[in-house]
Amino acid sequence: MGLLYILMFLSLWSMGIVFLVYSFKSNFWIGMTLIIGGMSSFAFSVHLVIIPFLQPYGWLSPFVSTAIFQLSAAAMNVYFYFFPFAACMGGLWIGAVPSDKKRLLLSLLLAIPASMLFTVHLLREPWSTFDVSTFRWWSGFYFLLGYAFYHIAFAREKEYYERRNKKRVAILFSFGTLWAFVSDYLGFVWLSMREWKFDLVSNGTWKLNAVIILGLVAVIIYYTVKYGFLGIKLRIERERLDYSMRALTMGVSILNHSIKNEIQKINYLTEKTQGFIHSGQSEKSLQSIDQIHSVTAHLLDMVGRIKEKADDIVINEGCIWVKELFDAVLHPMQPLLERRSVEVVQIQDEGGELTCDLLHLKETLSNLVHNAVDAMEETGGTITLRAMRSKRHFTIEVKDSGCGIPKEQLSKIFEPFYTTKKNSSNHGLGLPYCVLVMRKHGGSLAIADTETGKGTSVMLHFPIWRYIQTGTAASVMASPAAAVQEQPT
């Protein structure tokens with residue numbers, strides 16, 4: 001128990017010093033509350049642990065022994081008479097009263113009763129003897145006023161992070177000082193300190209102080225590390241806000257990246273439709289208009305979920321046949337594939353359904369196919385979409401015959417805003433978005449194989465439980481330009 005008391009005053013003093021060093025003006029009284037709150041455990045540690053440890057070694061001369069005793073008695077005086085006042089000031093100075101002049105005036109007025117009680121004690125009683133009944137209820141008044149100040153400061157705060165911070169301060173310091181009042185001011189009746197023993201009349205609740213106070217210290221440390229406490233983590237809160245703004249910018253940029261792809265399709269289809277109309281090919285013009293409707297429907301669906309892109313991706317799960325998923329991705333892209341003379345081959349080892357968010361997965365596959373197209377020369381090439389199942393994963397592979405990814409760039413391609421494309425409209429946000437979508441599905445994205453001049457293979461790995469097998473026949477489908485034809489395997 002003695003070692004716990006040493007740990008208690010060391011942790012309270014250390015934390016108080018940290019608050020004072022970090023922001024002396026705004027945290028002065030909070031820091032002093034912690035430091036003065038540790039005076040009692042320091043005094044008891046001296047009597048119960050430190051002196052009994054030193055005495056057998058003969059290291060204590062009469063002068064040193066008396067000096068240490070007087071130091072412990074002074075610490076106990078400061079605790080009994082000024083800890084309630086410091087706790088009250090802590091609540092006052094964190095924002096219960098807006099004006100500095102009014103806070104200073106209130107502080108001076110409230111210091112009078114504590115100073116008078118201490119003076120009376122020195123005049124009437126020995127320095128090291130404490131009749132707690134003479135100051136018990138004055139201490140209760142200070143603690144009660146402190147609770148009110150803490151909660152007024154919380155209620156007055158309008159800024160979100162500061163309000164949340166002051167709420168934690170109000171709860172923790174109110175509980176801590178309430179326990180101190182119950183255990184030391186109500187629980188103690190009489191304390192007489194002598195060199196080196198003491199007489200104490202109490203109900204024994206003080207024996208739990210170490211557990212309660214160390215528990216509160218642990219909670220304060222936890223809040224400081226995770227959320228910030230008394231402004232100590234304000235810089236981290238600002239960094240978190242900056243990160244949120246970067247995430248928002250990234251989300252909107254991803255949306256812009258996706259819209260750009262769809263607008264390119266619309267522009268191409270519009271030009272194509274105009275050509276059909278001028279040449280009198282009404283059926284083909286109607287087909288092109290249907291394709292435009294498909295692209296705009298996808299675009300509207302995506303814009304309707306802009307918050308998910310700009311904030312955080314929320315998965316709305318449903319089931320879709322893998323073949324239907326491939327068709328839903330490739331059909332709006334036929335104009336681009338035609339223009340770039342790209343053939344798409346679909347391979348399914350077996351038929352089945354995938355549980356996923358259709359919109360985000362379509363967008364992910366669309367991004368990968370767009371990247372594959374961009375990796376090819378104007379003369380075209382081949383993209384292979386393959387669906388396959390293993391014991392642990394269902395995998396979709398997107399493989400192209402393009403230029404490949406240089407080894408020195410592989411470690412950077414998943415970083416936001418990094419792009420190997422020279423087009424200024426490409427923001428380097430496609431792959432980070434795809435990775436995030438796969439993580440939300442409990443899966444992963446990996447570059448399975450890439451070689452400069454020979455192409456790249458990207459794997460989307462899903463947990464096997466997301467896939468339901470419904471057939472065993474393998475199939476291969478080729479999509480040269482706009483046509484999709486099923487071929488025997």
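**Close-up 1. Salt bridge between R194 and D199.** In this predicted model, the side chains of R194 and D199 come together in a salt bridge with an N to O distance of 2.5 Å. R194 has a relative accessibility of 36% and therefore counts as partly exposed, and D199, at 37%, is likewise classed as partly exposed. The structure contains five salt bridges, and two others are shown in the next two views.

**Close-up 2. Salt bridge between E317 and R466.** The side chains of E317 and R466 meet with an N to O distance of 2.7 Å. This pair connects distant parts of the chain, 149 residues apart, with E317 in the loop between α11 (306-310) and β4 (318-321) and R466 in the loop between β10 (455-463) and β11 (467-469). E317 is partly exposed at 45% relative accessibility, whereas R466, at 3%, counts as buried.

**Close-up 3. Salt bridge between D100 and R103 in helix α5.** The closest N and O atoms of D100 and R103 are 2.2 Å apart in this salt bridge. Because the two residues are three apart in helix α5, about one helical turn separates D100 from R103. D100 is partly exposed, with a relative accessible area of 40%, while R103 is buried, with a relative accessible area of 12%.

Close-up 4. F85 and Y142 form an edge-to-face pair, with 6.0 Å from centre to centre and 85° between the planes. F85 lies in helix α4 (residues 62-96) and Y142 in helix α6, so this pair ties together parts that are 57 residues apart in sequence. F85 counts as buried at 8% relative accessibility, as does Y142 at 2%.

**Close-up 5. Patch of positive charge including K158.** R156, K158, R163 and K167 gather on the surface in a patch of positive charge. K158 sits in the loop between α6 (136-156) and α7 (160-186), and its relative accessibility of 71% places K158 among exposed residues.

Conventions: Residues numbered from 1 in each chain as written. Predicted model: local features only at pLDDT ≥ 70, side-chain atom pairs only at ≥ 80, totals over all residues. Heavy atoms only, no water. Patch = residues over 30% accessible without salt bridge, like charges linked within 9 Å, V, L, I, M, F, W, Y side chains within 5 Å. Areas by Shrake-Rupley, 256 points an atom, 1.4 Å probe, with all protein chains shown as cover. Salt bridge = Lys/Arg side-chain N within 4 Å of Asp/Glu carboxyl O. Lys, Arg positive; Asp, Glu negative; His and termini not counted. Charge placed at Lys NZ, Arg CZ, Asp CG, Glu CD. Helix = DSSP H or I, 4+ residues; strand = E, 2+ residues; numbered from the N terminus. Buried < 20%, exposed > 50% of the residue type's maximum accessible area, 1.4 Å probe, protein only. Phe/Tyr/Trp six-rings, centres within 6.5 Å; stacked < 30°, edge-to-face > 60°.
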